[in-house]
Amino acid sequence: MQTPSGQPVDVTSSTRLVVLVSGAGSNLAALLAAHTDPAYGARVVGVVADRPGIRALELAQEAGIPTAVVSLKDFPDRAVWDEALTEAVAVFSPDLVVLAGFMKLVGAPFLARFGGRMLNAHPALLPSFPGAHGVRDALAYGVKVTGCSLIVVDEGVDSGPIVAQVAVPVEDDDDEASLHERIKVAERALLVDVVGRAAREGLVVEGRRTRFGR
Ligand code: GRF
């Protein structure tokens, strides 16, 4: 992966991950299970949330990972919040930032600092059904196959280059909850695989195309 200035990011055996969360943290839990293996190639060095009192923060604390909470409501406006979020993440000196169920868009200061080395998990097959309700929207549309996507974050809403995707069939009796649970099983495996490969092998982004390697 590259810094905004085009310098390759040092993805070594100790790639430093910061994970941004907003909820249950099942994706974070999968990364925490993987990172205990030194061969995985990456380790979670910090967890940053946009709200207190969520299970994801408990999971981090149980694993002994430092956490920070940067709530939008504690700041006068979104720009100031974004600066604070950027600083909270920068404290951990990440090589790679993973948005794992983080339900806020990051702004220009955050992208300027971490752009090109930030991955987001989305529970739909992008570019279909971007936004906060990807599972609900896919179900309402009536698709027979949906899934999950791992993308490089850019300034748009789930619009960045796609790194990997997995398809998940929609069953006749699915509701949003049952479909999302099945997608999340695939999403956790995909996230762990992609983050590990990006750490061990590197990730090249050329326009909209991505590939593992250096
Ligand atoms: C994931 O499906 C993610 O893609 C979506 O919200 C869910 C978060 O799950 N944005 P968790 O907090 O990791 O359990």
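A residue counts as near a molecule or strand if one of its heavy atoms lies within 4 Å of it. By that rule, 13 residues surround the ligand, and the closest are G25, S26, H180, K184 and E187. This is a predicted model, in which local features need pLDDT of at least 70 and side-chain atom pairs count only at pLDDT 80 or more, while totals for chains, interfaces and linings use all residues. Residues are numbered from 1 along each chain as its sequence is written, and side-chain values use heavy atoms, with hydrogens and water left out.

Stay with the ligand. Its polar contacts are pairs of N or O atoms within 3.5 Å; within protein, one atom must be able to donate a hydrogen and the other to accept it, and residues adjacent in sequence count only if both atoms are side-chain atoms. An N or O atom in the side chain of E187 sits 2.3 Å from a ligand oxygen. For K184, a polar side-chain atom is 2.7 Å from an oxygen atom of the ligand. A121 uses its backbone: a polar atom there is 3.3 Å from a ligand oxygen. On its own the ligand has 360 Å² of accessible area, and the protein covers 90% of this. Such areas come from the Shrake-Rupley method with a 1.4 Å probe; for residues, only the protein chains shown count as cover.

Now turn to helix 5 (residues 134-141). Helices (H or I, at least four residues) and strands (E, at least two) are DSSP runs, numbered from the N terminus. Which residues of helix 5 are buried? They are G134, V135 and A138. Buried means under 20% relative accessible area, exposed over 50%, and partly exposed in between (1.4 Å probe, protein chains only). Seen down the helix 5 axis, these residues fall within an arc of 100 degrees, so they line one face of the helix. The arc is taken from the directions from the helix axis to the C-beta atoms. The buried residues pack against strand 5 (118-122), strand 6 (145-152) and helix 6 (176-201). Contact here means heavy atoms within 4.5 Å. Just after helix 5, G142 has a positive phi of about 95 degrees.

Next comes T86, in helix 3 (residues 78-90). T86 is buried, with a relative accessible area of 3%. Leaving aside neighbours within four places in sequence, T86 contacts P109, F110, R113 and F114.

F110 and F114 both lie in helix 4 (residues 108-114), four residues apart, about one turn of the helix. Both are buried.
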